[in-house]
Amino acid sequence: MNYEPPLSTADAVLRPPAVAGRLARDPKVVVAGGFILLLIIVAVAAPLIAPHDPLAQNLLTATAPPAGFADAEPGFWLGTDGLGRDVLSRIIFGARVSLTVAFVAAGFACLIGSLLGLMAGYLGSIAEAVISRLVDIWMAFPPVLLSILLVAVLGTGLHSVIAAIVVIDWTRFCRVVRTETMAQAQMDYVVAARAIGFTRAAILFREILPNVVPVLIALLTLEMGIAVVVEAILSFVGLSVSSDTPTWGGMIAEGRQIVHEAWWVLAAPLAALFAAVVAFNQLGDGLARSLDPVLRR
Amino acid sequence: MSELRLSITALSAISLRDGNRPILRRVSLMVDVGEVHGIVGESGAGKSTIAKAVLGIVPTQVRLTGGRIDFEGRNLLALSANDLRALLGRDIALVPQDPATALNPSRRIDAQMTDGLRLKRGLSARQARLRARALLEEVQIRDPDRVLASYPHQLSGGMRQRVLIASAFGLEPKLVIADEPTTALDVTVQKQILRLIRSLQERHGTSVLFVSHDLGVVAKICDRLTVMYMGKVMEQGGTAKVLSSPQHAYTRALLAANPRYDRPDTGLEPTPPEVLTALRAEIAAFDRGAREAEHG
């Protein structure tokens, strides 16, 4: 009974986990994150990368098919649309609008939604009741109709699209963060923090928030995918940016009309949209797994 | 009176969830400066409720219905939330029960230990970090830098409890509430942790309110103890005296239930039925008395 193990840290697993290293080993994060990084580079450097002016029309080379097909125009890798504009260049410039909306709209929705969610989840009573009822009422509106209505009221343009997405989608963050916060607030470490007299704000932001962040990041990347789709829908119905700025949604709308003569005008932006949304979803999934210290074991 | 650090007087509580069942029945106890006071009893005896009441973290389904908790002459139950917050972490600290859940899983030990030192002791980030390192050395952690850089799940249970003890005593409180601090640990680690608490307590002159269901543990560490059953104090006194000549039948039953290495054929005796009957009668009589006092 006198055996006592030496007081060392030998029984502890001791290498602090390098979060970056873990992320680099997750194939989902690497592939999806790499694709999104590529999209960002392409969007930022669009004028340098795009082989043609996305607005330059040439009716003589209209509806030329993508490279490799009969009658393809050299230099127009994804073919041209009904006005002879280069599809590849339009996709590249269209990424600018999609990504701007994705990051800005999802970012603000996340900020507003999670602040309200943290408050509702931890302060309880009145704050909880007011915010939760607000979310319930909000979510009763059909989202697409609401966004079209909002843009119609606010006027078209990038700002309106972003505002519409933020106004509608903050509830997603609010609900999830509220539930997660309530669960975390029951944990022993929160009780321990209360027992040493931390203020509510300190507990909320220092203790609870770090445990909500993994869920939040997953939700944020998912929301970016949703924002890309919503922007495309609004462009499709002509409520997004003005028609002289190329957008994927606008291209889909144009391509739809000539799909029988030139399928690539529809297929190319659809593929871009699809790839971007899948990448955002997969990245969210991978990040949630890699960032959660408990799942991380 | 000036020597008294903590004095609990006639503390009563009921459970709102369970038909207003009483869970503390006019409990009184005193903790002197530099004294370790143990509260023992089986689960449901109300030990933890007392600890939580002192810290102002009584769960919502429990309501304190009477009594007072005086800490150095101030009634904690009458303090405003802000005043209590100022006192907690500076004068009173907690060593929690389960080291597996009492540390924040998402934050490094470093951040968790320095938080208290910065917010409650006003240290700078650098000072706090140095202090945290010194504290870990004081609880005999050999490689404090690596522990500081770790997440809780990377440490063993005993390590985590050392971290929590270091955090609590590191705030240099006058009173430490230890709520079953060794229950979640295995026996060899338990011994080390008890020795650690005792040596820190002696070195800093801290008073400790030590809650446990384990008489063996309490006997090792406490100067005085309070034996409780169903929220009522059964017996109180110096540890040696209570253990060697228990006055109450329940204390004798508790002692008989404790296994003894020196007499392997004894111990593990269940509480005898006649003792249980007498206990229930005692509790019922007390409740009757309380009701009569209430109604006039």
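This report walks through a predicted model with chains A and B, from overall build to a few single residues.

## Chain A: helices throughout

Let's start with chain A, which has eleven helices and zero strands. Its elements, read from the N terminus, are therefore α-α-α-α-α-α-α-α-α-α-α.

How does the radius of gyration of chain A sit beside that of a compact globule of 297 residues? The globule would come out near 19 Å, but chain A has 24 Å. Along the principal axes, the C-alpha atoms of chain A fill a box of roughly 90 × 50 × 30 Å. Buried residues account for 43% of the 297 residues in this chain. If you take the contacts in chain A between residues at least 6 apart in sequence, 71% of them join residues at least 24 apart.

## A helix with a bend

Helix α7 of chain A covers residues 158-185. With 28 residues at 1.5 Å a residue, α7(A) should span 40 Å, and its end C-alpha atoms are 39 Å apart, which agrees. If you follow α7(A) along its length, you will find a bend of about 35° at I168(A).

## The nonpolar core

As a general point, nonpolar side chains in soluble globular proteins tend to be buried together. Here the largest nonpolar core has 157 residues. The residues with the most contacts inside this core are I165(A), A227(A), V54(B), I165(B), I177(B) and L209(B). Helix α4 of chain A (residues 87-123) supplies the largest share of the core, 19 residues.

Which residues does A227(A) contact, leaving aside its neighbours within four places in sequence? They are V101(A), A102(A), A105(A), A106(A) and I165(A). I165(A) is also listed among the residues with the most contacts inside the core.

## An open sheet in chain B

Turning to chain B, four strands form an open sheet in the order β2-β1-β4-β5, with antiparallel pairing. Strands β2 (21-32) and β5 (74-75) of chain B stand at the edges with a single partner strand each, so one side of each has no neighbour in the sheet.

Strand β1(B), residues 4-15, is joined to β2(B) by eight bridges, and the two run antiparallel. To find your way on screen, look for L6(B), whose bridge partner in β2(B) is V31(B).

## Strand β9 and its two partners

Is strand β9(B), residues 224-229, mostly covered or mostly uncovered? Mostly covered: five of its six residues are buried. On one hand, β9(B) runs parallel to strand β3(B), residues 36-40, with four bridges between them. In that pairing, I39(B) has T226(B) of β9(B) as its bridge partner.

On the other hand, β9(B) pairs with strand β10(B), residues 232-238, in the antiparallel sense over six bridges. Here L225(B) has G237(B) of β10(B) as its bridge partner. The hairpin of β9(B) and β10(B) has two residues between the strands, and M230(B) takes a positive phi near 45° in this hairpin.

## Two loop residues to look at

Q140(B) has a phi near 60°, a positive value in a residue other than glycine. You will find Q140(B) in the loop between α4 (125-138) and α5 (144-148) of chain B. Q140(B) counts as partly exposed because it has 15 other C-beta atoms within 10 Å.

E180(B) also has a positive phi, near 45°, and is a residue other than glycine. E180(B) sits in the loop between β7 (175-179) and α7 (187-204) of chain B. Why is E180(B) counted as buried? It has 20 C-beta neighbours inside 10 Å, and the cut-off for buried is 20 or more.

Conventions:
Residues numbered from 1 in each chain as written. Chains lettered and ligands numbered in written order. Predicted model: local features only at pLDDT ≥ 70, side-chain atom pairs only at ≥ 80, totals over all residues. Buried ≥ 20, exposed ≤ 12 C-beta atoms within 10 Å, placed from the backbone. Pairing = 2+ DSSP bridges. Expected span 1.5 Å × (residues − 1). Bend = angle between axes of the 7 residues up to and from the residue. Rg over C-alpha atoms; globule rule 2.2 N^0.38 Å. Contact = placed C-beta atoms within 7 Å. Core = buried A, V, L, I, M, F, W, Y, C linked by C-beta atoms within 7 Å.
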